[in-house]
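Hi,

Here is the structure I promised to pass on, with the ligand in place.

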Amino acid sequence: MFRIRSLAAVSAFAVTVALSGSALAAQVLNFAHSTAQGSHYSMGVQAFAKKLAELSDGKYEIREQAAGALGGERDVIEGLQIGSVELTVSSTGPLGNFVPEALVLDLPFLFKDYANARAVLDGPIGQELLDKVSENNLVGLAWSENGFRHVTNSKHPVKTPADLEGLKIRTMENPVHMEAFRAAGASPTPMAFPEVFAALQQHVIDGQENPIPVITASKFWEVQDNLTLTGHVYSPAIIIASPTLWDGLSDEEKGWFREAAKAGVAATRAKVESDEANGVALLREHGMEVIEKVDQSAFQKAVSPAYDTFVAKYGDDMLKRIQAAQN
Ligand code: EAX
């Protein structure tokens with residue numbers, strides 16, 4: 001009788017431990033980004049979360065922190081470095097402040113189109129730059145996508161670079177972008193993204209520049225009348241993990257996070273494609289005047305001094321490699 005009772009006790013204990021173990025094991029990780037829930041970044045975070053939950057059998061749970069809930073992109077990257085945030089998907093805007101080698105990606109008109117940008121970033125050059133990110137107290141998991149950036153403003157239609165003259169254009173906290181807009185005659189105003197909508201609404205700034213997915217997700221039609229499809233920069237995004245999180249993972253678990261990042265990138269790129277297909281019509285429906293036929297060579301000439309400044313400071317090796325890698 002004793003044997004049977006003790007066997008029952010052991011199995012009941014084992015079940016309790018197993019249940020409490022699985023219930024306690026879910027580790028919640030904050031995944032921060034600056035755009036709205038349902039945006040291209042948000043779709044990527046949700047796909048990341050789903051894949052990681054599957055691979056880890058529920059051991060890791062992602063908590064999406066959308067719309068700058070944990071601060072602007074620069075703040076969040078600083079948070080990754082000190083371990084207060086576990087994951088982010090961010091534009092490369094502020095990244096150059098932490099990883100100067102990444103600034104080359106912000107040069108205007110560097111990438112010819114989406115296919116070339118994705119091919120370069122998914123290839124050896126992209127991996128080399130991710131490795132550089134990981135040398136700066138960050139863990140570069142994958143290149144994701146923000147999109148080709150365009151100019152909006154509330155003053156007047158921008159048909160030529162001369163129309164940028166004197167406009168206070170918000171830029172990311174990025175020296176290459178600031179130099180480009182300064183060279184074009186605008187007055188670049190660097191600002192964290194969560195502050196942009198209010199600054200536009202209060203006319204502290206006249207305009208800003210962002211990809212269609214960001215312009216639509218942020219409802220910029222409410223505070224901007226004019227959109228010019230300059231496509232002046234292909235804006236990569238990057239999925240970054242905190243070293244505090246990463247160093248505590250087993251090799252197998254690291255593989256889960258890498259697989260989840262791939263799923264996130266695919267979902268974000270799919271949403272970018274959808275927004276690119278439908279976004280301009282949506283913005284027109286909301287009253288924006290959209291200038292689609294743009295003399296890009298004129299804008300390219302206007303912002304070209306940004307190349308001279310960049311090359312003088314950082315050299316042109318990686319720049320030439322990226323240009324040569326495109327077809
Ligand atoms: O990453 O700051 C920006 O304009 C970025 O494009 C935006 O935060 C999405």
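Starting with the largest cavity: its lining splits into six nonpolar, five polar and four charged residues. Here Ala, Val, Leu, Ile, Met, Phe, Trp, Tyr, Cys and Pro count as nonpolar, Asp, Glu, Lys and Arg as charged, and the others, Gly among them, as polar. A cavity is a set of points, on a 1 Å grid over the protein atoms alone, where a 1.4 Å probe fits but cannot get out, and lining residues have an atom within 4 Å of a point.

Before you read on, this is a predicted model: local features need pLDDT of at least 70, side-chain atom pairs count only at pLDDT 80 or more, and totals for chains, interfaces and linings use all residues. Numbering runs from 1 along each chain as its sequence is written, and side-chain values use heavy atoms, with hydrogens and water left out.

The largest cavity comes to about 130 Å³ (the space filled by probe spheres set on the points, which are joined across faces, edges and corners). Its lining has 15 residues, and Glu73, Ser91, Arg170, Met172 and Phe193 lie nearest the centre. Across the whole structure, the search turns up four cavities of 30 Å³ or more.

So what sits in the largest cavity? The ligand does (more than half of its atoms lie within 2 Å of the grid points). Around the ligand you'll find Ser34, Thr35, Tyr41, Glu73, Ser91, Asn146, Arg149, Arg170, Met172, Phe193 and Asn210, each with a heavy atom within 4 Å. That shell is made up of three nonpolar, five polar and three charged residues.

The protein buries 98% of the 270 Å² that the ligand exposes when taken alone (Shrake-Rupley, 1.4 Å probe).

Then there is the largest pocket (an open set with protein on both sides within 12 Å along at least five of seven lines), at about 360 Å³. It is lined by 19 residues, with Gln127, Leu130, Leu141, Ala142 and Trp143 closest to its centre. By class, the pocket lining has nine nonpolar, five polar and five charged residues.

Cheers
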